[in-house]
Amino acid sequence: MSNVKGSLYIVATPIGHLADISLRAIDVLKNVDLIAAEDTRNSKKLLNEYSIQTKMTAYHEHNEDKKSATLLEKLSDGSSIALISDAGTPLINDPGYSLVQKAHAMDIKVVPIPGACALITALSSSGLATARFSFEGFLPRTSSARRTALEVYLKDSKTLVFYESSHRIVATLEDIQAVFEPTRKMAIARELTKTFETIVSGSVVDVVGQAQADKNMQRGEFVVLVEGVQKKGNKSAELSDASINTLKVLLQECSLKTAVKLAVDLTGEPKKALYSLALTLTGK
Ligand code: SAM
């Protein structure tokens with residue numbers, strides 16, 4: 001038995017495209033003593049692809065507590081272990097919380113090896129605001145519970161990010177349409193990094209309509225995103241990006257009054273909204 005504790009590596013693996021794995025992740029997976037995988041048969045494909053011969057053991061939601069104890073014992077004895085899930089970043093709607101929490105409590109070093117994660121991949125390509133967002137995982141399974149949950153988010157100003165499976169995508173989208181205003185922006189990111197990757201962004205009424213009309217849009221794995229509520233009185237939220245840029249350029253060349261007047265003429269946007277944004281941009 002060694003006195004030096006081993007390290008626990010939290011290794012992100014691809015969410016579809018097998019090339020989306022870091023050089024460091026491959027190196028760690030090749031060199032640890034053991035890989036704890038959510039589904040060893042599923043992960044075998046990835047390991048074969050990169051000629052990784054490290055021994056695997058199953059670590060999933062049904063044996064999480066018991067298996068954590070065994071893995072922590074091995075780590076205490078000096079073994080290094082990598083935790084991987086079926087896809088993406090472990091612990092993000094995947095097993096591992098119990099293991100990482102206990103590892104910290106036992107002073108075992110936890111080393112993150114970052115990589116793909118469906119929520120970040122979807123958010124960054126959704127066209128929705130990214131500065132503040134709230135990841136909510138899977139919504140409840142029944143429609144009534146789902147609508148109740150969605151109503152709680154109605155006043156949230158952060159971009160909302162949900163995971164959804166093909167079984168419930170249509171029902172979930174219908175509930176989103178029932179709860180949120182039709183003009184609220186939203187996005188669906190489907191089959192990210194895979195052959196049939198589709199990212200649709202627009203108003204709730206448009207996006208849900210497109211998904212309802214196209215059976216292909218109802219297959220695969222999904223991230224569903226809904227824009228946060230826009231603050232009342234934040235008139236500039238109504239302006240398009242192009243109009244905002246036009247106003248910015250004009251403000252560099254003209255007085256505030258002239259810039260707003262020209263911007264109204266050029267963009268056709270409401271004077272109130274442009275004036276309010278001009279005040280914000282010039283700090284008045
Ligand atoms: N740990 C994973 C991660 O880092 O994203 C998430 C695991 S969670 C059990 C599986 C869910 O993630 C799917 O039902 C889907 O909502 C989302 N997901 C995973 N891969 C995806 C992909 N390629 N495209 C869209 N959504 C995906």
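**The parallel sheet and its surroundings**

Tutor: Three bridges join strand S2 (residues 34-37) to S3, and the two run parallel. Among the paired positions, alanine 36 has threonine 57 of S3 as its bridge partner. The model is a predicted one. Both strands belong to an open, parallel-paired sheet of five strands, ordered S3-S2-S4-S1-S5. Its edges are formed by strand S3 (56-58) and strand S5 (109-113); each has a single partner strand, so one side of each lacks a neighbour in the sheet. On average, and with direction ignored, neighbouring strands of this sheet are turned by 25° against each other.

The sheet is also a packing surface for H4, which touches strand S1 (7-11), strand S4 (81-84) and S5. The direction of H4 makes about 150° with that of S1. Within H4, the residues Ser98, Leu99, Val100 and Ala103 are buried. Their cover includes S1, S4 and S5, and also helix H3.

The contact between the two helices can be described in its own right. Helix H3 (residues 64-76) packs against helix H4 (residues 97-105) at an angle of about 40°, their axes lying 9 Å apart, and the crossing is right-handed. From H3 come Glu64, Asp65, Ser68, Leu71 and Leu72, which meet Tyr97, Ser98, Leu99, Lys102 and Ala103 of H4.

After H4 comes aspartate 107, with a positive phi near 60°. The loop between S4 and H4 holds leucine 91, which has a positive phi of about 75° although it is not a glycine.

The model has another open sheet of five strands, in which the pairing is mixed and the order is S6-S7-S10-S8-S9. Strand S6 (133-138) and S9 are its edges; each pairs with a single strand, so one side of each has no neighbour in the sheet. From one strand to the next the twist averages 15°. S8 and S10 run antiparallel and are joined by five bridges, one of the pairings being that of alanine 187 with leucine 225 in S10. H7 packs on this sheet, where it touches S7, S8 and S10, and its direction makes about 0° with that of S10.

The largest nonpolar core has 23 residues, of which Leu173, Ile176, Phe180 and Met186 touch the most other members. At least two residues of this core come from each of helix H6 (143-153), strand S7 (159-164), helix H7 (169-179), strand S8 (185-190), helix H8 (204-213) and strand S10 (222-226). Apart from its neighbours within four places in sequence, phenylalanine 180 is in contact with Leu150, Tyr153, Leu154, Leu160, Val204 and Val226. A second, separate core of 18 residues has Ile21, Ala37, Val111 and Ile113 among its members.

Finally, threonine 193 lies in the loop between S8 and strand S9 (198-203). Threonine 193 is a residue other than glycine with a positive phi, near 70°.

Technical notes: Residues numbered from 1 in each chain as written. Predicted model: local features only at pLDDT ≥ 70, side-chain atom pairs only at ≥ 80, totals over all residues. Heavy atoms only, no water. Axes fitted to C-alpha atoms, helices over the stretch in contact; angles between N-to-C directions. Helix = DSSP H or I, 4+ residues; strand = E, 2+ residues; numbered from the N terminus. Left-handed = near helix turned anticlockwise from the far one by under 90°. Contact = heavy atoms within 4.5 Å. Core = buried A, V, L, I, M, F, W, Y, C linked by side-chain atoms within 4.5 Å. Buried < 20%, exposed > 50% of the residue type's maximum accessible area, 1.4 Å probe, protein only. Pairing = 2+ DSSP bridges.
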